[in-house]
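Visitor: Please show me the chain and its model. I would like to ask some questions about them.

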Amino acid sequence: GGDLVDGATGEGLVRGTRSSDGHGKARDVLGTEGVRCRTDSEPNSWWRIDFKKHQVRGIQRYSLRHGYQGSAFSLRHWRLEGSADGGASWVAIDVRGKEGGNKDEGDKSLNGEYATHTWEVNNGGGQEQQQQWFDSLRILQTGENSDGYDNLCLSGWEVYGTLRERQ
């Protein structure tokens, strides 16, 4: 894991975790530079952000950055999900590719060295996700990456929505 820390107080604001430690650090997804970072090759790999003092809702768009120095292992199939109960249950916010999709299908926007792309939310969760305050978000890989494996390579993640102090 790893925290994004408030420079003024030294308190953790956001924690990054992932399903397994393949290469790099889980907190690399909170950084501003492309670095080699991935999970192990396991089905349903995920990356997660936990807001320690805040909640988010009304996510309109989000950006991801590929975590590899070439186009190999690019993310193709995933769901952006939110949780209001610390990760016990998840609501779909955005869906790309398809469940169980293969390497030749799905979204190809992250096909390149540390490629970055921004998606408008396609309302996989409909109105529920627009009104609900989430304390955790995750990217769940739902199919093969561009090379037919299950490792999730990410080195950046930004979310654009409404933020408030935790209630």
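Guide: The questions below go from the overall layout to single pairs of residues.

Guide: This is a predicted model, in which local features need pLDDT of at least 70 and side-chain atom pairs count only at pLDDT 80 or more, while totals for chains, interfaces and linings use all residues. Residues are numbered from 1 along each chain as its sequence is written, and side-chain values use heavy atoms, with hydrogens and water left out.

Visitor: In what order do the elements of the chain run from the N terminus on?
Guide: Helices (H or I, at least four residues) and strands (E, at least two) are DSSP runs, numbered from the N terminus. The chain has one helix and nine strands. Their order is β-β-β-β-β-β-β-α-β-β.

Visitor: What percentage of the 167 residues count as buried?
Guide: Buried means under 20% relative accessible area, exposed over 50%, and partly exposed in between, with a 1.4 Å probe and protein chains only. By that rule the buried part of the chain is 47%.

Visitor: Why does the pair of F73 and Y149 tie together parts of the chain, and how many residues apart are they in sequence?
Guide: Rings of Phe, Tyr and Trp (its six-membered ring) pair if their centres lie within 6.5 Å; planes under 30 degrees apart count as stacked, over 60 as edge-to-face and the rest as tilted. F73 and Y149 are 6.0 Å apart centre to centre with 50° between the planes, a tilted pair. F73 lies in the loop between strand 4 and strand 5, and Y149 in the loop between strand 8 and strand 9, so the parts tied together are apart in sequence by 76 residues.

Visitor: Is R18, which forms a salt bridge with D21, buried or exposed?
Guide: A salt bridge is a side-chain nitrogen of Lys or Arg within 4 Å of a carboxyl oxygen of Asp or Glu. For R18 and D21 the closest N and O atoms are 2.9 Å apart. D21 is exposed, with a relative accessible area of 57%. R18 has 8% relative accessibility, so R18 counts as buried.

Visitor: How many residues apart are D135 and R166, which form a salt bridge?
Guide: Their closest N and O atoms are 3.6 Å apart. D135 is in the loop between helix 1 and strand 8, and R166 is in the segment after strand 9, so the pair links distant parts of the chain. The separation is 31 residues.

Visitor: Which residues are linked in a network of salt bridges?
Guide: R79 forms a salt bridge with E81, the closest N and O atoms being 2.8 Å apart. Both R79 and E81 are buried. The network links R79, E81, E99 and R138.
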